[in-house]
Amino acid sequence: MHCLNLPRAGVALLALGLILISPDQAGAQHQEWTSYGSDLASSKYVPLQQINAENVGDLEIAWMWETPDNELFRSRADVSAAEYKSTPLMVNGALYVSTSLGQVGAVDALTGEELWTFDTGSWQRGRHPNFNNNHRGVAWWDDGGDGRILMAANDGVLWSLNARTGQPDPNFANNGQLDLKQGLGSSATIGQYGAISPPLVINGVIVVGSSINDVPYFSDQVPPGHVRGFDAQTGEQLWIFHTVPQGDEPGTETWENDAWQSAGATNVWTLMSADPETGYVYLPVSTPNNDWYGGHRLGDNLYAESLVCLDAETGELIWHFQAVRHGLWDYDLPAAPNLVDISVDGEAIKAVAQVSKQGFVYVLDRMTGDPVWPIEERPVPQSTVPGERTSPTQPFPTRPAPFEPQGISDATLIDFTPELRAEALDLISEVDYGPLYTPPSERGVILFPGYSGGATWTGAAVDPEEGVMYVPSFSAPRFVRLRRPDPGESDFGFIRDRGFDIQGPQGLPLIKPPYARITAIDLNTGEHLWMVPHGEGIRQRLIDMGIDDPGPVGSFGRNGPLLTESLLFVAQLDGARPVFRSYNKQTGKVVSELDLPLPPMGTPMSYMVDSRQFIVMAVGAGPDTRLLALSLPAEAQGNEL
């Protein structure tokens, strides 16, 4: 185990020289990472094994790059940002990455030397529509020349930058910038409409989602989250897909009383996936407004909380699958689906696997949308809120089994001691709770999994050779209570009471551990292979309370996976300890731990340049945000200098 405490100014670079390739690395001298999830299938996988179980314990920091945001944090008291969540790309020996404040940087992939930076200026024009400034990455387009870096910023402007110089492309839209707030068919302003996730580029088409402010309670304040395709060279809008169907389009009947005319959000705020061979793009669509009450939008509400497959060239709908009907739980699909070829009972299937906040994996044929295994409509609890009408059923996959516990019951409530259990029951005695999809109420309801997940925006990794999915997730109940708005406060019948919360007994969680976990699922069979707690969590605190050592109980956090030929990597802020772990893919056993100098917030990625494998991740939060690169020391690479 290594503990790394490095000075703020950075670290000295490791000595570099001519590296001779060992036989098992022949043919693997260069490996790129060209999309947020490694590839358009969102596998988060690279076929590399220079870093393996035998030497992963020797990993050390090769370099760190300090983002240009840090200078703004130091010089401007009015500038702040949330966790640094971006995942860089590596193309042609350079890393390309966004920053929390909406800047873009290019960094030498071998040395960490800064090549250029570009400031979109979005930080000067307001924060991200829902949270403080944060961003998750950029996209790459091979234009046959220098290449283009595409940055969709918090202020709703899409930039096309020359990858070599970092300068805006004068041939793209308006001198390199395109205002995404225009062309929606509805007005949208900064603060209402922005972008936090990279666009997706497929066959010369830029597909762009959006992040939309779902805090306002007035229905006419929230623009719709329609998804659009743009020409990657010119910025010309090629098509628009109405995530809330309009006019005489199929699906408007699922918005009763013409609610489609005023409904907003229903956007794709997270990542997307695509299949370049078919030209299909897969959109995980979010919740309509108001997240918690739908009396003004009765009906199933297509295409909210649906996985939507489009032809990327035309925007034509190929198929859709609605995971939640008339959503009231903020169970938007949180992550890019994984595209993977599997074999089920001897039948080859081109599949798409969508993880969810509820703890489900929806496994569908990615050509047709047909479920690989049956998905059943099952009765769910019904709302008692005046004006509300809950869907009588919701879709439940029969396979794979959920990777998270669901609902509050004897099976999930804390039970370390009889006293703690009794205290928990007393704490929740005057609110509603029950199975999955118990609806919000005026008494208040405990949602479990909560609207933060289950699975989160970091998604899952899939081994494309084995068809095995690895899902980091966390278990956190959330609490929602509805109230009637005060006069003039809202045009909705009910809104969420933002002050409502419940604490667990003696400050502990209401539920049993693990509070974060990693689950391996064989998508060829739908069977779970293993599940392990992710992190020590509050283990020592429980022991100090006189509770028998429960072992690792998991530590809350949204941390994404990285998969290589031999290892699974997941970073974490485990309590107060920033740590980077590797796991045995077959068993889930921890192979190595590496202490980090700052909390790891971005999903890690990996590449090989000049025959040397690196793992890079975003670390820190405002006021100190960096890219951190890990590699083996020369003597541990199995190579000779």
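The face of helix H2 turned away from its buried side carries Pro418, Glu419 and Asp426, which are exposed (over 50% relative accessible area, with a 1.4 Å probe and protein chains only; buried means under 20%, and partly exposed lies in between). Helix H2 covers residues 418-427, and its buried residues are Leu420, Arg421 and Ala424. These cover an arc of only 100 degrees around the axis, so they sit on the same side of H2; the arc is that of the directions from the helix axis to the C-beta atoms.

The model is a predicted one, in which local features need pLDDT of at least 70 and side-chain atom pairs count only at pLDDT 80 or more, while totals for chains, interfaces and linings use all residues. Residues are numbered from 1 along each chain as its sequence is written, and side-chain values use heavy atoms, with hydrogens and water left out.

Turning to the whole chain, the protein has three helices and 39 strands, taken as DSSP runs (H or I, at least four residues, for helices; E, at least two, for strands) and numbered from the N terminus. The radius of gyration is 24 Å, close to the 26 Å that the globule rule gives for 641 residues, so the protein chain is as compact as a globular protein of that length. Here the radius is taken over C-alpha atoms, and the rule is 2.2 Å times the number of residues to the power 0.38. The C-alpha trace spans about 75 × 65 × 60 Å along its principal axes.

Of the 641 residues, 62% count as buried. Among contacts (heavy atoms within 4.5 Å) between residues at least 6 apart in sequence, 63% join residues at least 24 apart.
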